[in-house]
2 protein chains.
Amino acid sequence: MTREKEKSNRFGLAVREARAAAGLTQEELADRSGLDRSYMGGIERGERNPTLSVIEKIAEGLGVTLAELFSYSTKKGPRA
Amino acid sequence: MTREKEKSNRFGLAVREARAAAGLTQEELADRSGLDRSYMGGIERGERNPTLSVIEKIAEGLGVTLAELFSYSTKKGPRA
């Protein structure tokens, strides 16, 4: 698995976990976020590289802050 | 100013503040993040809508977590 794919997977998992915590179906979250349902599925499966504006829409649909959505993130230095 | 532009501006400002806190020039941060220097300038000016993979590169270049980079974010509900 590539490094980029790992990151998309991690974000998709965070979305899925936050959605479950909010008691929303994938379709409900897509509708609340104003995103296509199949696109939302692709994000949760780590198949998409969403833009900042899409990430913001998802956070709003979930009712969480961006910092909360990214609370999984760990500190890493730049590659040598 | 549009809603999307406001968000890009807020993110760009957060990058600029974190970069200053790290004592890096814009060019140094671009190099550490593996991004084009003019592209990095556009991000700080809120002219870009970066993808998750670009946002991750910037956080790594800054040596901060995504949650730290987005610590400015506030909770909002979905639009009615």
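User: Where does Ala59(B) lie?

Analyst: Ala59(B) is part of helix H4 of chain B. Please note that this is a predicted model.

User: Buried or exposed, that Ala59(B)?

Analyst: Ala59(B) is buried, since its relative accessible area is 3%, and the cut-off for burial is under 20%.

User: What is Ala59(B) in contact with, leaving aside neighbours within four places in sequence?

Analyst: With those neighbours set aside, Ala59(B) contacts Val64(B), Thr65(B), Leu66(B) and Leu69(B).

User: And how far is Ala59(B) from Ala18(B), C-alpha to C-alpha?

Analyst: The two C-alpha atoms are 9.2 Å apart, although 41 residues separate Ala59(B) and Ala18(B) in sequence.

User: What follows H4(B)?

Analyst: Gly63(B) comes after H4(B), and its phi is positive, near 75°.

User: Let us take Ile55(B). Buried or exposed?

Analyst: Ile55(B), which is also in helix H4 of chain B, counts as buried because its relative accessibility is 0%.

User: What about Glu56(B): buried or exposed?

Analyst: Glu56(B), found in helix H4 of chain B, counts as buried, given its relative accessibility of 8%. Apart from neighbours within four places in sequence, Glu56(B) is in contact with Lys7(A), Tyr72(A) and Leu66(B).

User: Changing topic: which residues touch the most other members of the largest nonpolar core?

Analyst: That core has 41 residues, and Phe11(A), Leu69(A), Phe11(B) and Ile58(B) touch the most other members. In soluble globular proteins, nonpolar side chains tend to be buried together.

User: What is Ile58(B) in contact with, leaving aside neighbours within four places in sequence?

Analyst: The contacts of Ile58(B) are Phe11(B), Val15(B), Leu29(B), Ser33(B), Leu35(B), Met40(B) and Ile43(B).

User: Now chain A. How many helices and strands?

Analyst: Chain A has five helices and zero strands. Its radius of gyration is 13 Å, close to the 12 Å that the globule rule gives for 80 residues, so chain A is as compact as a globular protein of that length. The C-alpha trace spans about 40 × 20 × 20 Å along its principal axes.

User: What share of chain A is buried?

Analyst: Of its 80 residues, 48% count as buried. The accessible surface of chain A is about 4000 Å², with 49% belonging to carbon and sulfur atoms.

User: And how many positive and negative side chains in chain A?

Analyst: There are 14 positive and 12 negative side chains in chain A, with the centres of the two sets 7 Å apart.

Definitions and conventions: Residues are numbered from 1 along each chain as its sequence is written. Chains are lettered from A and ligands numbered from 1 in the order in which they are written. This is a predicted model: local features need pLDDT of at least 70, side-chain atom pairs count only at pLDDT 80 or more; totals for chains, interfaces and linings use all residues. Side-chain values use heavy atoms; hydrogens and water are left out. Helices (H or I, at least four residues) and strands (E, at least two) are DSSP runs, numbered from the N terminus. The radius of gyration is taken over C-alpha atoms; the globule rule is 2.2 Å times the number of residues to the power 0.38. Buried means under 20% relative accessible area, exposed over 50%, partly exposed in between (1.4 Å probe, protein chains only). Accessible areas come from the Shrake-Rupley method with a 1.4 Å probe; for residues, only the protein chains shown count as cover. Lys and Arg count as positive and Asp and Glu as negative; His and the chain ends are not counted. The place of a charge is taken as NZ of Lys, CZ of Arg, CG of Asp or CD of Glu. A nonpolar core is a set of buried Ala, Val, Leu, Ile, Met, Phe, Trp, Tyr and Cys residues joined through side-chain atoms within 4.5 Å. Contact means heavy atoms within 4.5 Å.
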